[in-house]
Amino acid sequence: MTKQLKYEDAMRQLETIVAQMERGELDIDSLAQQLTTAKKLIALCEAKLTATDEKIKNMLAEK
């Protein structure tokens, strides 16, 4: 994840990881790697949502 992903792209990657886990497609090594990736994607999504929320609050407060 060297480049900054868009929120939608990060969510798509998370959905793919979850689907692979649900289908049992990941071996133990891949599972550990995908969980690490998922954790980073979740943090990125949370940061983007928090930043967007703050921008909206600031815009509404400015009237």
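This is a predicted model: local features need pLDDT of at least 70, side-chain atom pairs count only at pLDDT 80 or more; totals for chains, interfaces and linings use all residues.
Helix H1 runs over residues 7-22 and helix H2 over residues 28-62. Helix H2 contains 35 residues, and the distance from its first C-alpha to its last is 51 Å, close to the 51 Å expected at 1.5 Å a residue. Gly24 follows H1 and has a positive phi, near 70°. At the start of H2, a side-chain oxygen of Asp27 comes to within 3.1 Å of the backbone nitrogen of Asp29.

The buried residues of H1 are Ala10, Leu14, Ile17 and Gln20. Viewed down the axis of H1, these buried residues fall within an arc of 125°, so they line one face of the helix. Glu15 and Glu22 are exposed on the other side of H1. The packing partner of the buried residues of H1 is H2. In H2, the buried residues are Gln34, Ala38, Leu41, Leu44 and Cys45, and H1 is included in what covers them.

The largest nonpolar core consists of eight residues, namely Leu5, Ala10, Leu14, Ile17, Ala38, Leu41, Leu44 and Cys45. Helices H1 and H2 are the elements that each give two or more residues to this core, and the largest share, four residues, comes from H2. Leu5, one of the core residues, is in contact with Ala10, Gln13, Leu41, Leu44 and Lys48 when its neighbours within four places in sequence are left aside. Lys6 is placed in the segment before H1. With a relative accessibility of 58%, Lys6 counts as exposed, because this value is over the 50% cut-off. The C-alpha atoms of Lys6 and Lys48 are separated by 8.8 Å, although the two residues are 42 residues apart along the chain.

Gln34 is located in helix H2, where it is one of the buried residues; Gln20 is among the buried residues of H1. The side chains of Gln34 and Gln20 make a polar contact at 3.2 Å. Apart from its neighbours within four places in sequence, Gln34 is in contact with Ile17, Gln20 and Leu26. The side chain of Thr36 reaches the backbone oxygen of Ala32 at 3.0 Å.

Three salt bridges are present in the structure. Side chains of opposite charge can pair when their charged atoms come close. In one of the salt bridges, the side chains of Arg12 and Asp9 meet with an N to O distance of 2.6 Å. Both residues lie in helix H1, where Arg12 and Asp9 are three residues apart, about one turn of the helix. Arg12 counts as partly exposed at 48% relative accessibility, and Asp9 is partly exposed with a relative accessible area of 29%.

Another salt bridge joins Lys57 and Asp53, whose side chains meet at 3.2 Å, N to O. These residues both belong to helix H2 and are four residues apart, about one turn of the helix. Lys57 has a relative accessible area of 46% and is partly exposed; Asp53, with a relative accessible area of 34%, is partly exposed.

The remaining salt bridge is formed by Glu25 and Arg23, with the closest N and O atoms 2.5 Å apart. Glu25 counts as partly exposed at 45% relative accessibility, whereas Arg23 is exposed, with a relative accessible area of 53%. The assignment of Arg23 follows from the cut-off, because exposed means over 50% relative accessible area.

Notes. Residues are numbered from 1 along each chain as its sequence is written. Side-chain values use heavy atoms; hydrogens and water are left out. A nonpolar core is a set of buried Ala, Val, Leu, Ile, Met, Phe, Trp, Tyr and Cys residues joined through side-chain atoms within 4.5 Å. Buried means under 20% relative accessible area, exposed over 50%, partly exposed in between (1.4 Å probe, protein chains only). Contact means heavy atoms within 4.5 Å. A polar contact is a pair of N or O atoms within 3.5 Å; within protein, one must be able to donate a hydrogen and the other to accept it, and residues adjacent in sequence count only if both atoms are side-chain atoms. The arc is that of the directions from the helix axis to the C-beta atoms. A salt bridge is a side-chain nitrogen of Lys or Arg within 4 Å of a carboxyl oxygen of Asp or Glu. The expected span of a helix is 1.5 Å times one less than its number of residues.
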